[in-house]
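Hello,

Here is the structure I promised to pass on. Please have a look at it first, and then read my notes below.

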Amino acid sequence: MRSVSKHFGPTVANDAVDFAASWGEVHALIGENGAGKSTLMSILAGLYRPDAGTLGVAGEPVRFRSPRDAIRHGVGMVYQHFMLVEPFTVAENVLLGARDRGVVLDTRSVEADLSRLGERYGLAVDPRAPVWHLGVGERQRVEVLRLLLLGARILVFDEPTAVLTPQEARSLIATLRALAAEGFCVVFISHKLDEVLAVADRITVMRRGRVAATTTPAETDRRALARMMVGRELAAFVEHPAEEPHETVPAGNVALRVRGLRARGDNGLEALAGVDLEVRAGETLGIAGVAGNGQRELAETIVGLRPTAGGSVHIGGRDLTDKGCSAVARTGVAHIPEDRLATGLVGSLDVSENAILRDYRRPPLARGPFLVGRAVAAFTDRLIHGHDVKTPSRWAKVRTLSGGNQQKLLLARELAGDPAVIVAVHPTRGVDIGATEAIHGSLRAQRCRGAATLLIGEDLDELLALCDRIAVLYEGRVVGELPARGADLERLGLLMAGIQEATASGATAADRPPVVLRG
Amino acid sequence: MADVLGRWRLERLPSPSRLGAVLVPAASILLALVAGGLIVALAGQNPLAVYGAMLAGALGSRNGLAETLVKTTPLLLTGLGVAVAFRMRLWNIGGEGQFYLGAIVATWIALFGLPDAGGWALVPAMIAAGLLGGALWGLIPGALRAYLGANETIVTLMLNYVAILLADWLVHGPWKDPQAFGFPGTPRFSSAAALPALAPTRVHLGLLFGVTAAAVLWVLFRRTRWGYEIGVMGESDRAARYAGMPTRRTILLVMALSGALCGLAGMSEVAGIGQQLQRNLSPGYGYTAIIVAWVGRLHPGGIVVVAFVLAALLVGGDQIQMSMGLPAAIAPMLQGIVLFFLLGGELLTRYRLVRHPAPSDAAATGAGT
C-alpha cells in the first residue's frame, strides 16, 4: 500500500500511509484508538476506497470495489463483528460467500473441504453445526475457514484475540503461525503488546493516521512500543496554557462513589471486574484506556442502562445501584453517551423532540398528559442559543445536523438541569475543532460550577487538558491512577497496555505469556 | 448488464423535501392513470370514458357518494388502528383479525348478551364490546412481544386466520340463523342494535367514529407525552431506555389501542350495514388498512384522505364493471396500478438515484453487484 489516504468528513483517518507485508510473515499493526489501523485494513480488504494512494498485491496494482473484489485477489479480512447467519450451518455460511460454486448447493463437498482445512490449520469446527450453537472462538474459526476456502492468501485480522478466552487466543495464535509457515501473509491488528511481541515477525506502529515505525520483536520491547504508540511531542501541551484547568476549585464532597463494580459486556463475558472510583464535586476524573477494556460498560452501569453483577453505585450519598436510568437521571446525573445517534439522540426526530427527551414529563414542558407546545419551543430555543447549536430550525431532523452540532445539542440538554454528576464518554469523538473547543469550555464551566465529572476518553491530550486525575482502565479494572498535572506519558502508556508499576521497570521473560510459538 | 445496473445506487436523502411530498404522489397517480389507461385501451375501451364513469359512479351521485363513504368507514378505522402500532414500529398486520373479533363480540352482545335492551343501552354496549374484542386480539401478540420477544408480525398474521375461522364456525354452527335456509349467517339483530344512519342513506354513525378517532389520534400524536413516547420508542429503543420510558407497558397499550380501533371497525360494519354477522364480512379491510396507513404516512389527516380515495376507487371500480361491461378484473387491476405507483413514488421522496463512477478494471472479471 503506497501513500494511502482516507478522510471521513474533516477527520483524516489515514494520511499518506505506506504499508507492506510479506508472504510467510505475521505482521502486527498496533496503535492507539483512532490511529487509523482499522481504516487502513478496511481499505486493504476492499470495504473502503482510498481517497488517494495505490494498492498492490503480489507486485500487481489493484483497485478493489468491494470486499468480494478483494477476495478475488486473495485478500480477506476477519472483522471483530462476525458476518455469519446464525440459523445456518457452518457449511451453509461458507457457501454464502462462494458464488462460483454453482447454483446447486453442494454442502457435502464443502463439508469435506472444511474438515480438511480445519485439521490442517488447527481450526476444528463441526461443518454441520448451526452457527448459533457455536461459541465466539468457533465462529471466528468459521470466518477464517471461509476466507481460506475462498482462496484468500492475505488474511487480515481486526483485534482477533479481543473477544477470545486465553485458551482460544492461544489456539488462534498457533493457527496464525501455521498459516504464515505455509506462506500465507497474516496481518493482525492488536492492542496487546505482549501478544504482538510473542507472535509477530514484524510490527508496524501507527499514530494519528501515519506510520510511526516498523520494527521487529528482536529490536524492541514493550516499553519502546508503548512510547511509540502514545509518544508525542510534549510541546503540544505547552501551546495551550489557556486550557490549564487545574486551578483553585476546592474539591467538595464525594458526589459519585463506585465500589467493587462488576458487570458483563454484551457478549456475556465479564467486562468490569471490580472497579472502585470516587469523584468529588468540582473535580474531573478521567478514565484512560484502550477501547474495549470496560469503559462503555462502566458508564452504562453507573447511569443505570446496564445491570450490575456486583458492587455499588452511590450518587450524592444515595444508593442508586440498579435503580434504572430515569431514577439516576432524576438524581441529577447527566450522561453523554458514546454513540450519540443511537442512544443520546434520535436522528429521525427533530431538534425540539430531541431537546425534551429528558424533561418531557415535567412542567413546564408537560401539563398533565399534554405537552405544552409553547414551552417546548422556548426550552428548545434556550438550548440552541445557550450552546450555539447551529440548526436551520427547531424542526430540522437531528440527523441532518453536523456531528459537532448534534453533540452540542446533546450536551446542552444534559447540562440544562445543572447536574451534580456528569458521565461523559468520548464527548468530542468525530467532532470538528470548533465544536470540540465549545464542548471543552462547557465541561470546564461545569467543573467550576461544582459538578463532579467522570470523563471517559480516548484522546490523552483531551484527558490531560480537562481532568484533575486520570485513572487507567485495563481489562475491567483500574490498574493505576495519577494526577493529570505533570503526568508521565510513558507511564500512562504502559498502564494502558496493562503493565503495572511493579513490572514496568524491567520487562522480564517471566511476565510474558507462555505462548511463544514459532514456526 | 449487471455492471450497468451496478453503477446506479439508491441513496437515502438526508431529509425528504416538502415539495416532493406533494408533487411525487400527484405525479404517481397521474402516471398510474396513464398506465391503467393503456391497458383499458387494449381491452377495447376508451380510457377517458372509463375514468369518467368511475368518477361519476363513486362521487357523481348522492348514492355513489354515500356508497363511497360507507366503504371509507372501515378503511379509515382499520387504517388508523394499524397506524397507531406502525408509529411505534410494531408491525400489526392483524387488523383483519381484530376487525372480526370486534364484530364477533359485538354480535354476541346484540344476540345473546343484551338481546332485549333498548338502543341507548345496546349501542354503547356494542361499541364497548367491539373495542374490547379488538383490543384483546391486539393484546395477545402485544403481550407475547413485550414479555417473550415474539415477533408480532407473525403472531398478528396468524391470529387473523384464527379470528376469520372463528367467525366462519359461528355463522355455520352455533350462531347460525335457523330460518335462513342453510345460508351462513346469524339472525338479524333487533332494530335497537342498528347504528343510526347519517342522512337517509346507508352511511352510518361509524363514519363519525372514524373521523373522531382521527382527530383524537392527531392530538395524541402531536400534543401528548404518550404520543411523544410512542414516536421515540418507534425510532430508537436505546434512546427510549436512556430516557427511562416504560417500553413494555407502552407496547401493551399501543397494541390494545391498535386492535380496539380495528375492532370498532368490525362492530360498526355489523351494526351499521348488515345487522348480522355473516361470512366474508370483510373483503380484506384489515389488509388494505396497511396500505391506507402507509400511503397516508401514518398521519391521521393523510389516512382520512387515503381511505376516502381508496374507497372511491373500490366503488368506482364496481360501477364500471356493472355499467360498461368491462372484465371483472379491470377494476382491481386499476386499483393495483394506482397503489403500485404510489408506493414506488414514495421511494423517490426518501431516496435518490445516484450514478457511481465507472467500475475499475478489476470488476471486468466478474459481475459487479
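How many salt bridges does the rule find across the interface of chain A and chain B? The rule gives two salt bridges there, a salt bridge being a side-chain nitrogen of Lys or Arg within 4 Å of a carboxyl oxygen of Asp or Glu. A:Glu300 and B:Arg238 are joined by a salt bridge between their side chains, at 3.2 Å from N to O.

Before the rest, some housekeeping. This is a predicted model, in which local features need pLDDT of at least 70 and side-chain atom pairs count only at pLDDT 80 or more, while totals for chains, interfaces and linings use all residues. Residues are numbered from 1 along each chain as its sequence is written, chains are lettered from A and ligands numbered from 1 in the order in which they are written, and side-chain values use heavy atoms, with hydrogens and water left out.

Now back to the interface. In total, 37 residues of chain A are in contact with 27 residues of chain B (heavy atoms within 4.5 Å). The two chains bury about 2900 Å² between them, 52% of it on carbon and sulfur atoms; buried area is the accessible area (1.4 Å probe) that two parts lose on being put together, summed over both. Of the area that chain A buries against chain B, 20% comes from A:Arg65, A:Tyr360 and A:Arg361, more than from any other three residues.

The other topic is aromatic rings. Over all chains, the structure holds nine aromatic pairs. Rings of Phe, Tyr and Trp (its six-membered ring) pair if their centres lie within 6.5 Å, and planes under 30 degrees apart count as stacked, over 60 as edge-to-face and the rest as tilted. One of the pairs is B:Phe86 with B:Trp294, stacked at 5.7 Å centre to centre with 20° between the planes. B:Phe86 sits in helix α4 (residues 62-87) of chain B and B:Trp294 in helix α12 (residues 285-295) of chain B, so this pair ties together parts that are 208 residues apart in sequence. Helices here are DSSP runs (H or I, at least four residues), numbered from the N terminus.

B:Phe86 is buried, at a relative accessible area of 1%, whereas B:Trp294 is partly exposed at 28% (buried means under 20%, exposed over 50%, partly exposed in between; 1.4 Å probe, protein chains only). Ring pairs also link B:Phe86, B:Trp91 and B:Trp294 into a cluster.

Best wishes

How values were computed. Helices (H or I, at least four residues) and strands (E, at least two) are DSSP runs, numbered from the N terminus.
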